[in-house]
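Subject: Structure for you to look at

Dear colleague,

Here is the structure that I promised to pass on to you.

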2 protein chains.
Amino acid sequence: MEFQVDHAIAVLKRTPGALRALLEGLPEEWIRSNEGAGTWSAFDIVGHLIHGEETDWIPRLEIILEHGESRPFDPFDRFAQLEKNIGKDLEELLDRFEQLRKGNLHTLRRLDLTPAQLDRTGTHPELGRVTARQLLSTWVVHDLGHLAQVGRVMARVYTDQVGPWKAFTPILSRDA
Amino acid sequence: MEFQVDHAIAVLKRTPGALRALLEGLPEEWIRSNEGAGTWSAFDIVGHLIHGEETDWIPRLEIILEHGESRPFDPFDRFAQLEKNIGKDLEELLDRFEQLRKGNLHTLRRLDLTPAQLDRTGTHPELGRVTARQLLSTWVVHDLGHLAQVGRVMARVYTDQVGPWKAFTPILSRDA
């Protein structure tokens with residue numbers, strides 16, 4: 001499938017609602033359980049998505065459009081949300097994610113990027129040269145990857161509960 | 001986390017809405033793409049969840065409660081939905097899944113299972129002795145596993161689009 005801005009937006013605009021439909025109002029055990037030390041809960045993952053809205057996708061797109069390859073992106077802190085969200089509740093995070101996403105998609109639509117702009121290149125601090133098109137594609141993949149992660153993390157809360165069915169539930173055992 | 005019927009229901013009742021929020025109205029490419037020959041699209045996965053509502057979870061629970069281990073479950077056809085849903089659209093499937101799930105959770109609540117009933121055992125045609133509690137836990141894990149699969153299948157539509165970011169998007173490459 002070729003990258004199209006409107007197809008990317010079709011997914012990006014749905015992620016906050018999908019996470020809300022899945023998570024809002026759930027017992028804390030579902031939301032706060034992780035896969036062990038150093039891993040993330042559904043709560044942490046929503047926090048990470050918020051941090052991406054604040055510092056990653058649209059800010060990096062703007063760097064590409066304004067500076068091209070001359071100004072590398074700021075590194076993305078994958079763990080920033082862990083401290084920042086202590087004491088918050090999930091509803092706050094879901095609201096914030098939805099609101100930030102809405103604003104960022106508004107910016108993206110307003111930019112109305114041409115194919116030439118989508119081909120513009122920037123400098124990723126670790127990966128080197130990347131295009132605006134690759135950045136926007138990655139935004140979508142990042143959403144879907146973390147949605148999958150939420151499903152996996154929650155599924156694993158019941159790892160010991162399924163008994164013999166563990167053999168038929170690859171989400172509980174496969175490499176992740 | 002110990003198994004609790006009401007905690008299981010908390011997840012099970014949200015799955016249809018989460019899938020609807022994610023999928024309804026998306027361009028067909030997102031819904032109909034799979035991971036290659038013999039794999040499932042998001043559309044196929046929703047069809048599979050419908051088939052589970054019709055033939056797997058509550059029917060098997062009822063076999064356990066009525067017959068214990070003496071009557072093995074009917075085998076579950078993991079591919080039944082592929083032929084059955086040709087010509088249907090995703091909205092039909094989402095509606096059907098929601099409606100069936102609602103009815104099945106109504107049945108589950110009405111049963112108001114005691115701990116002794118949750119400990120009752122049945123016979124799985126391949127796995128042998130399983131408890132009602134394990135069956136209900138697996139129902140939840142099965143939902144979340146397929147939600148994760150939807151995220152993965154959709155993410156992989158953009159495998160070639162992310163360029164160098166493939167190194168940072170494990171959903172595109174890890175064992176699945």
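What follows is a short account of the interface, the core and the salt bridges.

The model is predicted, so that local features are given only at pLDDT of at least 70 and side-chain atom pairs only at pLDDT 80 or more, whereas totals for chains, interfaces and linings use all residues. Residues are numbered from 1 along each chain as its sequence is written, chains are lettered from A and ligands numbered from 1 in the order in which they are written, and side-chain values rest on heavy atoms, with hydrogens and water left out.

The interface

Counting as contact any heavy atoms within 4.5 Å, 57 residues of chain B touch 58 residues of chain A. The two chains bury about 4900 Å² between them, 74% of it on carbon and sulfur atoms, where buried area is the accessible area (1.4 Å probe) that two parts lose on being put together, summed over both. On the chain B side, M1(B), Y158(B) and W165(B) lose the most area to chain A, and together they account for 17% of what that side buries. The contribution of α9(B), at 15 residues, is the largest share of the side of chain B that touches chain A; helices are DSSP runs of H or I with at least four residues, and they are numbered from the N terminus.

How many salt bridges are there between chain B and chain A? The count is 0, taking a salt bridge to be a side-chain nitrogen of Lys or Arg within 4 Å of a carboxyl oxygen of Asp or Glu.

In the largest nonpolar core, which has 112 residues, L23(A) and L23(B) touch the most other members. Such a core is a set of buried Ala, Val, Leu, Ile, Met, Phe, Trp, Tyr and Cys residues joined through side-chain atoms within 4.5 Å, and buried means under 20% relative accessible area, exposed over 50% and partly exposed in between (1.4 Å probe, protein chains only). Leaving aside residues up to four places away in sequence, L23(B) touches I31(B), A42(B), V46(B), L90(B), V150(B) and M154(B).

L23(A) is also one of the buried residues of α2(A), which include R20(A). This helix, residues 15-23 of chain A, is mostly covered, with 7 of its 9 residues buried, and after α2(A) comes G25(A), whose phi is positive, near 85 degrees.

Salt bridges

Over all chains, a search of the whole structure finds 28 salt bridges. In one of them R101(A) pairs with D143(A), the closest N and O atoms being 2.7 Å apart, and this pair links distant parts of the chain, from helix α7 to helix α9 of chain A, 42 residues apart. R101(A) is buried, with a relative accessible area of 1%, and D143(A) likewise counts as buried at 1%.

In chain B, E54(B) forms a salt bridge with R96(B), with closest N and O atoms 2.8 Å apart; because E54(B) lies in α4(B) and R96(B) in α7(B), the pair ties together parts that are 42 residues apart in sequence. Here E54(B) is partly exposed at 28% relative accessible area, and R96(B) is partly exposed at 35%.

Within helix α3 of chain A, E28(A) and R32(A) lie 4 residues apart, about one turn of the helix, and they form a salt bridge whose closest N and O atoms are 3.1 Å apart. Finally, R20(A), E24(A), D95(A) and E98(A) are linked in a network of salt bridges.

With best wishes

Terms used
Helices (H or I, at least four residues) and strands (E, at least two) are DSSP runs, numbered from the N terminus.
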